[in-house]
Amino acid sequence: MEACFLRWLLFVALTSWALGDDGQVTFESELSSKPAQKLSKYGWYASVRLQRFHIPEQTAVARWLFSVKKGHSFNCGQHNVSIHLRWGAPPVINPTETVFPNATLWGPSLSLILAVTSQSSTTFNLSDPAPGDWFVAAHLPEDDGRIEQKGFPSCSYYFQPQLSVRRAADTPVLQPGTVLTQTAAPDRPARLKLFVPEFTSCLSVSVAGCSSGEALESAGCSLLLRLGSASLQHSQTELNCSGVSCTASLSNPPWDSWLRVVVESSQVNQTVTFRIGSNFTVGCKPKSVGLTAYDDITKLLGKSSVSNATATGNVSAPAPPPPLASPCVWSVPVLYEELDVLSLRYTPVNSSNVSVTETHPTLLTYPLPPQATGGTLNLQLTLNSTNATLGNNSIVACFSAWAPVLQLNHSEPCRTGLFMGYAVGINVSVPKAMVRLPFPQSTTWYLTLQLLCNSSDCGNASVVSVVPEVSVSACVDDCGPYGECRLLRSYTYLYSACVCSAGWKGWGCTDGSTAQSYARQLTATMLLTLSNLFFLPAIVVATRRSYITEAFVYLFTMFFSTFYHACDQPGAAVLCIMDYDALQYCDFLGSICSIWVTILCMARLGDTAKYTLFLLGALLIAMSMQLDRKGLWNLLGPILCAILLMVTSWVYRCVRRRHCYPPSWRRWVFFLLPGALCALIGVCLYVFAETESNYYYTHSLWHILVAGCVVFLLPPKEKDRKALGWSRGFSWSWRWSWRPRVWVQLEEFKTPDEI
C-alpha cells in the first residue's frame, strides 16, 4: 500500500512536468526504485546504506524521493537521518569530524538531514543533472558505543530512495560551424547538445538574431545561456544575454563527451526566437599519441609482469626511444595493469623517469574504469636525485579529470572549464609530493608536468627527470597499523573502507585523538583473559563432588574463552593460537554448554537421562551456533529448556515427598539464592550494560559472575557416588572362585536426595 502511494505521488509529479514540455523536443519519463534497507548508527563506512542510480543522457529534471519509516511502534526517541548525494562515485563523508590522512583530498557532496517521526519523506530536485551514476548514502547519527545483543527488540529505521527523471529524447545536435534557429519561452527553454572532440582547447557558443514577437532584431531580448550539467562538483557556465547577440566561451572543455546547451528566456508571456552556433579551437594537437603500430607489442611485453616471470634466457627488450615531441606537448604512453580487486597500476611505457621541460608540457593519460571508483586514486611525484641542476626552480603538476590543463604558470590555476584540478609542486627542498583521492570519479585523468623557472632563464635545468607513480588501491595507505581494509558490496557495486581498532578512527585510521595507549590495551587483554581463571574454583568443586563431565566442560570453556579474548583484542596486545573464527566458535559453544550441564545437574536426573540430555543438548547447541552464532535464542533456548526440566523434576519430587525440594533451608539461603542472584546480575550486565568503552570491565565481571554462580548452584555430591563418580552397584573383581556369588538387593532403589 505504501509503495503504491509513493509511485502514485511520483506519477503525479511526472504528469505535472509533462504539462510544461515544449514543442521542439519530445520528453520521456522514467522511474526507478530501490528496496528499503535498515539503517544503522554511523561507526564506519560499512554503517552507511549505499544505493546507486543511473541518470540517462539529456535528462532535464531529476527528482529523488527519500522515505524513512520506523520499524517498531514503541518510543525510540527522535533521530535524524543523514542523506548524502554525489555524482560519479560514492560520497566521502565525515560525520564524526575526524582528521583525514595527509595529502587526502575529496570531491564535495550534497548532504540532507531528514527528521524522522513515524514516517517521513523529502524530495530533492536537480535541473540538468550530469548523466551517469549517482550515489545515495544514508545513515543514522554517530554510534554511541552501546553493544546491542542480537535478537532483542530495538529501534529500527528503514530507508528507501526513489528516482524519477524527465529526459529529452530527440535533443537537437549543434554541429560546429552550423547555425540553428531555436525558440525559447519562460516555461520552455531551448535544449541542445554538442560533442566536444579531443584536443579541444576552447569552445564558444554564440547566440544572435534574437527577436520576440513581431519586432525583429529587438534589443529587449533577455536570454540566459548555460553550458554544462549540474553535478554538485562544479557549477554550470552561465551568461546573461541582454542584447541581440552574445558569445559564451569555455576554456579546456571536457574532452570526448557531450556537452549540454540550455537557453532560457525571461520574457514574460513571449516566445523568443534566436540563432545559435558553436565553434571549436584546437590549440594543441600532437602528431601522435602513445605507441606506434610497430612497437606497441614490444613495449607491452617489455613492461609486462607476466613476461618478466616467464621470459627465457637473458634477452631483454630494446631500450625505448624518447617520447615523441610535438610543437606544444610531449605525450607519454602509459601502461595500464589490473593487479587485484580495486587495485590498478599505471606506469610509463618508455621508462619510469619522465622528462619535463620549460617549453613544452608533458602529458600523461590515465583512464579510470567504473569498477575502480570504489577505491583510492594515488598520485606520487618524485624528483630524480640526479637533477642537481634544478636549483631554485620547481616542477608544477596539475592532476585533472575530463580534460588536461596545458598551460601551467604562476597565474593560471589548475582547473579546466568545468572542473577543478589538483595542483602539485616539487623542488629540491621538497623532492616528493603525494595526492590521495578516495572514491575517484570514473573518467580519464590527465597529469600535466612542466618546469617552472623563477627567472626568465632556467640555466642548466633545461630538462628535468621526474618519476610519476599513479595507482588505485582499495584503501588509503592500507588503513595503517591500527586498521583493516574491508571490501564492501552494495548489490553489484564493490567499494572499500577502513575499520579501525584500539580507539583509532578516521578515513585511514590515522586520527589518534581517542587512541588507546599500550598500557590500556594490555590491561584490557589481561582483564578479559585472567578473569576466566575464576572457573578454576568451579572445576575444583565439580571434581570433588564427582561431576567429572561437568568439570571438563568448565575446563573447555575456560581455555577457549581465555585465548579467544586474547585474540579478539585490538592493537598490539594480541595473541592468537589458532584461527579467530574457530576460537570464537569454541568460546560461544563452551559458554552455553556450561550453563546447560549445570542446570541439568541441578535437576538430579538419572545417569542415563542426564548424559543423554548432555550429548543431545551439545549437538543441538553446536548446530545453532553454526547457523547463527550471536543469536539471542542460542543463549535463551538452552537456558529455558534446562530450567523447565529442572523445575519439572523438582515439582515431581515435591509432589512425591509432599515436601519442598530441596528440603534444606540452608541450601536455599546460602547456595541457590546467591547463585541465582549472580546469574541474574551477569545476564543483565551482558545484555544491557556493555558498551565499547566499558567492555573489558563489564565482560570480565560477566566471566566472574558466571563462574561464581556455578560454584553456588552446583549440587552436592550424590550419596551413591564414589570419589571418581562411579555409581554404586558396579563391581569389578579379579578373584577366582568356583562358587557362584549371589547378589541380594536389600532395599528398593531410591533417587538420592541432597544433603
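Rings of Phe, Tyr and Trp (its six-membered ring) count as a pair here if their centres lie within 6.5 Å. Keep that in mind, and remember that this is a predicted model.

With that cut-off, select Tyr-45, Phe-100, Trp-106, Phe-135, Phe-439, Tyr-493, Tyr-495 and Trp-507: together they form one aromatic cluster. In total, the structure holds 34 aromatic pairs.

One of these pairs is the next stop: pick Trp-64 and Trp-134, whose rings are tilted, with 50 degrees between the planes and 5.6 Å from centre to centre. Colour strand β5 (residues 59-70) and you'll find Trp-64 in it, while Trp-134 belongs to strand β9 (residues 132-142), so the pair ties together parts that are 70 residues apart in sequence. Are these two buried or exposed? Both Trp-64 and Trp-134 are buried.

Now for charges over rings. Show Lys-193 and Trp-258: the charged end of the lysine sits over the tryptophan ring, 4.7 Å from its centre. Then jump to Lys-34, which lies over the face of Phe-53 at 5.4 Å from the ring centre.

Last, go to the helices. Select α7 (residues 580-602) and α9 (residues 633-657), which pack with their axes 8 Å apart and at an angle of about 5 degrees. That angle makes α7 roughly parallel to α9.

How values were computed:
Residues are numbered from 1 along each chain as its sequence is written. This is a predicted model: local features need pLDDT of at least 70, side-chain atom pairs count only at pLDDT 80 or more; totals for chains, interfaces and linings use all residues. Side-chain values use heavy atoms; hydrogens and water are left out. Axes are lines fitted to C-alpha atoms, for helices over the stretch in contact, and angles run from 0 to 180 degrees between N-to-C directions. Helices (H or I, at least four residues) and strands (E, at least two) are DSSP runs, numbered from the N terminus. Angles under 35 degrees count as roughly parallel, over 145 as roughly antiparallel, 65 to 115 as roughly perpendicular and the rest as oblique. Rings of Phe, Tyr and Trp (its six-membered ring) pair if their centres lie within 6.5 Å; planes under 30 degrees apart count as stacked, over 60 as edge-to-face and the rest as tilted. Buried means under 20% relative accessible area, exposed over 50%, partly exposed in between (1.4 Å probe, protein chains only). A charge sits over a ring if NZ of Lys or CZ of Arg is within 6 Å of the ring centre and within 35 degrees of the ring normal.
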